[in-house]
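Please find below a short note for a colleague who is meeting this structure for the first time. The points are numbered so that each can be checked in turn.

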Amino acid sequence: MQENKPKLIDADVHNAIASAKDLLPYLPRAFHEQWLTTGAGYGGGYYGNPSVMRRDAYTETGGTPGSDPMYLKKHHLDVYGIDYAVLTGSGILGISLNPDPDYGNVVASAYNDWLVETWLKASPQFKGSILINHSDPVAAVKEIERMAGHPDMVQVIMCSGARMLYGQRYYHPIYEAAERHGLPVAIHPGTEGRGVAGPPTPSGHPTRYLEWHNILPTNYMAHVNSLVCEGVFEKFPKLKFVAIEGGLAWLPHLMWRMDKNFKGLRETVPWLKRLPSEYIREHIRLTTQPIEEPDNPQHLNAIFDMMGGDHMVMFSSDYPHWDFDNPKMALQPIRKELRQRIMARNAMELYGLYEAAPRQDQGEAAAALTGEE
């Protein structure tokens, strides 16, 4: 009997809302005007490329990249033989940074309902991320409880920009709910310095997009450091935390520094029973895009050796963004057995996707979306 295991899972695919009006059927009427006028309402970012999107990712009718499930399936999943795409949203993750928590809560709920109806019904290859407003943990827990039973929701997601570091007990109710439902908690960059979040560096705001983009991993370092030192993984021993699109070369340095300092300062964190690096290897997961690309390809293998965790990294393309990684070309310098594990097995184990989804042709997928026979 031939095994039907996934061979390629993409852990970061950005689906988008085609038009603001698409969310209105799922949004309380009192918030319609605000949504149509301000959208997610957490402020603009830095000017970088004229478009963050790949030009060839616009739909056949000129629609927003990532906004059409059928086009994304044809243009991305079918081209590369991707078994599953974990959808991470676009232009809405920063809803937690809107100053109005009530607005953030209803928009997150509306997005999740829209995600189910527009994407998760379109193809079994699409897997969803439950968007929460982390600025209101009580409401975030209710949203997790509401959506966790959907079989195609595979994780909780929130933006990496925040007013407080993610290890702090303010967020612990979110982690308790996620752990109870067997869901990883993921964060995604792009909101650092926006909305009610603090500046993207301890010394303030960079001047330009390039500067800002270069130092995004520092925020991930701060969150991972906080999660471990605050004892989140002692309190929630089954929780997994996914650092999407933050790179990975920074992790060995952080692990070494934390372990060294822990040996001299462990009395300040008496709840920790193991070295910080051990918690990181067990509980932290990363995605490949944008993986660092040293001039000497062997240095990349060395970084994985330094991390000591072949199980920690999952492939991601970041489709349809400008720095998209082609799965047929990415990770070639990495040793073969590790590359194969990254391409599917690590995500299989994290998300429980042990069997490949049945493949549909475009007609079948379209019929599933419209409910027609």
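1. A charge is taken to sit over a ring if NZ of Lys or CZ of Arg is within 6 Å of the ring centre and within 35 degrees of the ring normal. R54 lies over the face of F324, at 4.2 Å from the ring centre. The charged end of R274 is likewise placed over the ring of Y279, 4.5 Å from its centre.

2. The model is predicted, with local features needing pLDDT of at least 70 and side-chain atom pairs counted only at pLDDT 80 or more, while totals for chains, interfaces and linings use all residues. Residues are numbered from 1 along each chain as its sequence is written, and side-chain values use heavy atoms, leaving out hydrogens and water.

3. A search of the whole structure gives 12 aromatic pairs. The ring centres of Y166 and Y171 are 4.9 Å apart and their planes lie at 75°, so this pair is edge-to-face. Rings of Phe, Tyr and Trp (its six-membered ring) pair if their centres lie within 6.5 Å; planes under 30 degrees apart count as stacked, over 60 as edge-to-face and the rest as tilted. Y166 and Y171 belong to one aromatic cluster, whose members also include Y170, Y175, F236 and F241.

4. Y166 counts as buried because its relative accessibility is 0%; Y171 is buried at 1%. Here buried means under 20% relative accessible area, exposed over 50%, and partly exposed in between (1.4 Å probe, protein chains only). Y319 and F324 are both buried.

5. Helices (H or I, at least four residues) and strands (E, at least two) are DSSP runs, numbered from the N terminus. In strand β4 (residues 153-159), seven of its seven residues are buried. Two strands pair if DSSP finds at least two bridges between them. β4 pairs in the parallel sense with strand β3 (residues 126-131) over four bridges, and G128 stands opposite M153. Four bridges also join β4 to strand β5 (residues 185-188), again running parallel, with A186 as the bridge partner of I157.

6. β3, helix α4 (residues 137-147) and β4 make a right-handed β-α-β unit, as do β4, helix α5 (residues 172-180) and β5. A crossover is right-handed if, with the strands pointing away from the viewer, the path from the first strand over the helix to the second runs clockwise.

7. The buried residues of α9 include W250, L254 and F262.
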